[in-house]
Amino acid sequence: MTSSPPFTASAASSEPADLFVRNTVRWLERAVIGLNLCPFAKGVHVKGQIHYVVALTEDLMDVLALLRSELSALVATPAETRDTTLLILPHCLQDFLDFNDFLGDAEALLEAMELDGTLQIASFHPQFQFAGTDVDDVTNCTNRSPYPTLHLLREESIDRAVEVFPEAETIFERNIEVLQALGMQGWSALDVGPSAGTPSLPEANQDVR
């Protein structure tokens, strides 16, 4: 990687870090793209424009420092090379309520960097739960990923995607219908949790911190 990470994984930890990326790609390919939960994901995935960063730290201050670094890097990198970034947090914020609280700090950082309106931070979590739903409600799976994950997006890319798909507001409703038809058993059969997966990415798209 061209950037200088604030903290770096040891050689011994490079293999599990790669596993976290593979499992995230497995989820992306089988669920997000496979079920067409996000019509815009396939294009950037096929073009290799998704940048994957694994934070092996358990320290939230380190996570915020890395988030700052990745927000700056995304703005500084041409969209043709890096359209979006997935920051994967396998060792911290496992509790969904803690993760939700941390999102406030992430948004505050975005504003402090004066990048709100330029970038957005979306979120995914293995225990994601919409307000008013039961834990085992399959509709929560629209935002469930193998690990706590911050998705850094460009506002311009979102605007372009909406132009191509003008009825973007219907995506959520369609996703609910798809997941209800699939059922929790069908979701489990996709095997997109934190287990060994086979997909791999070019080394240039991966970063371990």
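Reply: Take α4. Its buried residues are F96, F99, F102, L103, A106, L109 and L110. Buried means under 20% relative accessible area, exposed means over 50%, and partly exposed is in between, with a 1.4 Å probe and protein chains only. The opposite face, turned away from the buried side, carries the exposed residues L97, D101, E111 and A112.

A word on the model. It is predicted, so local features need pLDDT of at least 70 and side-chain atom pairs pLDDT 80 or more, while totals for chains, interfaces and linings use all residues. Residues are numbered from 1 along each chain as its sequence is written, and side-chain values use heavy atoms, without hydrogens and water.

Now the length of the helix. α4 holds 17 residues. From first C-alpha to last, α4 reaches 24 Å, close to the 24 Å expected at 1.5 Å a residue. The expected span is 1.5 Å times one less than the number of residues.

F96 and F128 form an edge-to-face aromatic pair, 5.2 Å centre to centre, with 65° between the planes. Rings of Phe, Tyr and Trp (its six-membered ring) pair if their centres lie within 6.5 Å; planes under 30 degrees apart are stacked, over 60 edge-to-face, and the rest tilted. F96 belongs to α4 (residues 96–112) and F128 to the loop between β3 and β4, so the pair ties together parts that are 32 residues apart in sequence. F96 counts as buried at 11% relative accessibility. F128 is buried too, with a relative accessible area of 11%. Ring pairs extend this into a cluster of F96, F128, F130 and F172.

L93 is not a glycine, yet its phi is positive, about 55°. L93 counts as buried, at 9% relative accessibility. D191 also has a positive phi of about 55° without being a glycine. The place of D191 is the loop between α6 and β5 (206–208). D191 counts as partly exposed, at 33% relative accessibility.

Helix α3 (residues 60–76) can be read the same way. α3 has 17 residues and reaches 24 Å from its first C-alpha to its last, close to the expected 24 Å. V63, L64, L66, L67, E70, L71 and L74 are buried in α3. Seen down the axis, these buried residues fall within an arc of 165°, so they line one face of α3. The face turned away from them carries the exposed residues M61 and A76.

Step back to the whole chain. There are 6 helices and 5 strands. Both are DSSP runs numbered from the N terminus: helices are H or I with at least four residues, strands E with at least two. From the N terminus on, the order is α-α-β-α-β-α-β-β-α-α-β. Buried residues make up 48% of the 209 residues.

Aromatic pairs come to 5 in the count. One of them joins F20 and Y147, edge-to-face, at 5.1 Å centre to centre and 75° between the planes. F20 lies in α1 and Y147 in the loop between β3 and β4, so this pair ties together parts 127 residues apart in sequence. F20 and Y147 are both buried.

Last, the space in the fold. The largest pocket has a volume of about 1,100 Å³. Of its 38 lining residues, the closest to its centre are C38, F40, A41, H151 and L153. A pocket is an open set of points on a 1 Å grid where a 1.4 Å probe fits, with protein on both sides within 12 Å along at least five of seven lines; lining residues have an atom within 4 Å of a point. The volume is the space filled by probe spheres set on the points, which are joined across faces, edges and corners. α5 gives the most to the lining, with 6 residues.

Note on methods:
Arc of directions from axis to C-beta.
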